[in-house]
Structure formats: C-alpha cells, structure tokens
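Please examine the chain shown here before reading on. The explanation is meant to be followed with the structure in view.

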Amino acid sequence: MRACRLLVPCALLAACGPSTRDGATVDAAGGGSGSSNVDAGKCEEVVDVVFVLDTSSSMDFVLTKLDAQIAQVVTAANMVAADAHFGLIPFQDNSVLDSTGSMGVVHTTAASLQTAFKYYRDTFTANNRNPGDGPSGPTTQNPICEENSLDALYAAAATFPWRDNATRVVILATDDTFLERADNYGDRDGDGLTNKTDYPREGNYPAARTMTETVTALREAKVRVFSFSRITQPNILERCGTGRRLPWASITDGWTTPYKSMPPIPMQTDGANYDLDKVKNGTLSLAETINNVVLDSHCNPIIL
Ligand SMILES: [Ca+2]
Ligand SMILES: [Ca+2]
Ligand SMILES: [Ca+2]
C-alpha cells in the first residue's frame, strides 16, 4: 500500500498544482511508515471524516470518550490539512445523518460535535430510542442485540457531502454485528411481524441494505472504514440484555471475521479494525488512533 503512495500523486500533479504542502513535519511526527517520502508529492487533499457511532446503551462510554477527546481530533485533522470536515451518523436499529453542524451536516468545530455527542447520549442512548426516530420517537426499542451499522455506513457513503478532493475516512464504533435486508431489527422473534408489545417491545425497523450493496457504495465513494469493535465475545454478564438473531460468536462478523463468507468491511475498504475493549479499558486512545488513521490515509490512494 505504501509503495503506491508516491505513484498516484505524481499522476495527479497537474491537478494538484505546483503549490507546496506543509504537512511534512506533521507526517514525520505521526511516525507512519514511509513518511519520509511524503513531501515528494504535491497532494493537496482535504480531510473529510464521518463518525458512524452505535449509540445503543452499552456504547455510552464511546460517546463520553469522544466528547472528551474530539478537540484533539479536530485540531490534528486541521494540521494534516486545513478546513477539515466532520460528519456524524448515530445508529441503533436505524440511523440519521446529524445536521447540527456549523454547515448543517458538516461539522467544523469540536464544540458542535461535543454538543451532538451529548445530545445523542442523553436523548437516545439513555432511553433506547432510535436516532432515526427523532427526539420524540418511541423509547425502550431495540429488542435484539444486532445494530444497524450497515445502513448507517451506506448513508455515510451515499449521503454525506464528501468533497471531490478529500481523503475520506469513516470512524465506526459498535460492539455487535448487523443484519441484512429483508430482516427486521424490530422483529424480536423473527416471525415476520413486529407486533409484540411485551419487553423487549417489537418495532418496525427493517434492514434496508445488504452487505454487498453497502461495501459497493463505500468502495465507489472511496471511503475507508476504520472500525472499533469487539475482538472477543463478551462474558455472560457483559452481554446485551435481549435476545439476538445471530450467534454470540458472530459479533465480530463484518469487522474482523467474514460476514456470510464475505471479507470484513474494513478489509474491503482499505481500512482497519481496532479493539473496542482496549478503548473501554483505557489502553487504546480513541483520539490518538483516529489521528493516526487520518494521517496515514491522507494523500494515500485507497487500494481496493
Ligand atoms: Ca447494542
Ligand atoms: Ca438492535
Ligand atoms: Ca415478531
């Protein structure tokens, strides 16, 4: 992957123009392999980063940590290239493209992202309310453990206003796998109906996309997916408190293990996966990891 970093920017020199790029010291500080060669290119990509975040109840620690660390991420991204853009797509059994940024769906400051993280944590995470339903949507939803990361990723690829000349990165956090169309996240018992009202209450949350459709959309949009997910199964005390569709052994599927024999999403998008448990126990810094993947992705043509 690294070897190619020099080749394609050279081909794009005419488009990139002759002006210099001052990111050499930033790259060197980041310690990425091959960084000594970076300033040989004239790449002038901007940075677009979209957070695709599982806001279900077990994931509140990620919102809390991101709230505390996002200022470092915004600062670092703007050092890689000025005018970094950020987006936010919270999801549980459905998702929404957040529009509370300084430019609508585009956030440019840590402050508006912090406000958004708090809002989703307090209004959705705390009430088992699905982000796509809005703040007055039904509470105590989420009858099975799988979460709809797949449609949230599709929305990231298809609806975020990625800039033409942007390094495009998705940072996803979740602790479970996902379902495909024509399953329904609200159909607790899998009988094809969503009409049971006893706990955990059913609701109509159909999966809209398939794994193949979503990966295709991400690849066509040249978006790398970097996920934070669990590598190991939770013990019985840590488990999601409802039933699930797929076996516990499947929680890694699509992130670090194949999903129905298809390679994991980070692998198919030239991204990577990081261990969410290390984030939780404090041995892996979200901000440092995000800053490194942004730096390593910048002006580094995606290899598919
Ligand atoms: Ca969950
Ligand atoms: Ca769910
Ligand atoms: Ca049902």
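The paragraphs below go from the overall organisation to helix packing, the nonpolar core and selected residues.

The model is predicted. Its chain contains ten helices and five strands. Of the 304 residues, 44% are buried. Among contacts with a separation of 6 or more, 75% join residues 24 or more positions apart.

On the α4 side, the contact is formed by Asp60, Leu63, Leu66, Asp67, Ile70, Ala71 and Val74. These meet Ala110, Leu113, Gln114, Phe117, Lys118, Tyr120 and Arg121 of α5. Sorted by class, the contact of α4 with α5 comprises nine nonpolar, one polar and four charged residues.

Helix α4 also packs against helix α10 (residues 286-297), at an angle of about 25 degrees and with the axes 8 Å apart. The two helices are therefore roughly parallel. The crossing of α4 and α10 is right-handed. From α4, the residues involved are Lys65, Leu66, Gln69, Gln72, Val73, Ala76, Ala77 and Val80. From α10, they are Leu286, Ala287, Ile290, Asn291, Val294 and Leu295. This contact of α4 with α10 has ten nonpolar, three polar and one charged residues. Leu66 takes part in the contact with α5 and also in the contact with α10.

The largest nonpolar core has 64 residues, and the members that touch the most others are Val52, Leu153, Ala156 and Val170. Helix α4 supplies the largest share of this core, with nine residues. For Val52, the contacts beyond four places in sequence are Ile89, Phe91, Ser149, Ala152, Leu153, Ala156, Val170 and Leu172.

Val294 gives a view from α10, the helix in which it lies. It has 25 C-beta neighbours inside 10 Å, and the threshold for a buried residue is 20 or more, so Val294 counts as buried. Apart from neighbours within four places in sequence, Val294 is in contact with Val47, Val49, Ala76, Ala77, Val80 and Val169. Of these, Ala76, Ala77 and Val80 belong to the α4 side of the helix contact. Val294 and Thr167 are 127 residues apart in sequence, yet their C-alpha atoms are 8.1 Å apart.

His85 lies in strand β2, which covers residues 85-91. With 21 other C-beta atoms within 10 Å, His85 is buried. Its contacts, not counting residues up to four places away in sequence, are Asp48, Val106, Thr108 and Arg163.

The loop between β3 (166-173) and α7 (211-220) includes Ala208. This residue has 17 other C-beta atoms within 10 Å and is therefore partly exposed. Ala208 touches Asp151 and Arg181, leaving out residues up to four places away in sequence. Its C-alpha atom is 8.6 Å from that of Leu150, a residue 58 positions away in sequence.

Some backbone features remain to be described. Most residues other than glycine have a negative phi, and most peptide bonds are trans. The bond from Arg181 to Ala182 is cis, with omega near 15 degrees, and Ala182 lies in the loop between β3 and α7. Another cis peptide bond joins Tyr199 and Pro200, with omega about -10 degrees. Pro200 is likewise placed in the loop between β3 and α7.

Positive phi values are found at Asp83, at about 65 degrees, and at Thr140, near 50 degrees. Asp83 is in the loop between α4 and β2 and, with 10 C-beta neighbours inside 10 Å, counts as exposed. Thr140 is in the loop between α5 and α6 (149-159). With 12 C-beta neighbours inside 10 Å, Thr140 also counts as exposed.

Methods
Residues are numbered from 1 along each chain as its sequence is written. Chains are lettered from A and ligands numbered from 1 in the order in which they are written. This is a predicted model: local features need pLDDT of at least 70, side-chain atom pairs count only at pLDDT 80 or more; totals for chains, interfaces and linings use all residues. Helices (H or I, at least four residues) and strands (E, at least two) are DSSP runs, numbered from the N terminus. Two residues are in contact if their C-beta atoms, placed from the backbone, lie within 7 Å. Ala, Val, Leu, Ile, Met, Phe, Trp, Tyr, Cys and Pro count as nonpolar, Asp, Glu, Lys and Arg as charged, and the others, Gly among them, as polar. A nonpolar core is a set of buried Ala, Val, Leu, Ile, Met, Phe, Trp, Tyr and Cys residues joined through C-beta atoms within 7 Å. Axes are lines fitted to C-alpha atoms, for helices over the stretch in contact, and angles run from 0 to 180 degrees between N-to-C directions. Angles under 35 degrees count as roughly parallel, over 145 as roughly antiparallel, 65 to 115 as roughly perpendicular and the rest as oblique. A crossing is left-handed if the near helix is turned anticlockwise from the far one by less than a right angle, and right-handed if clockwise.
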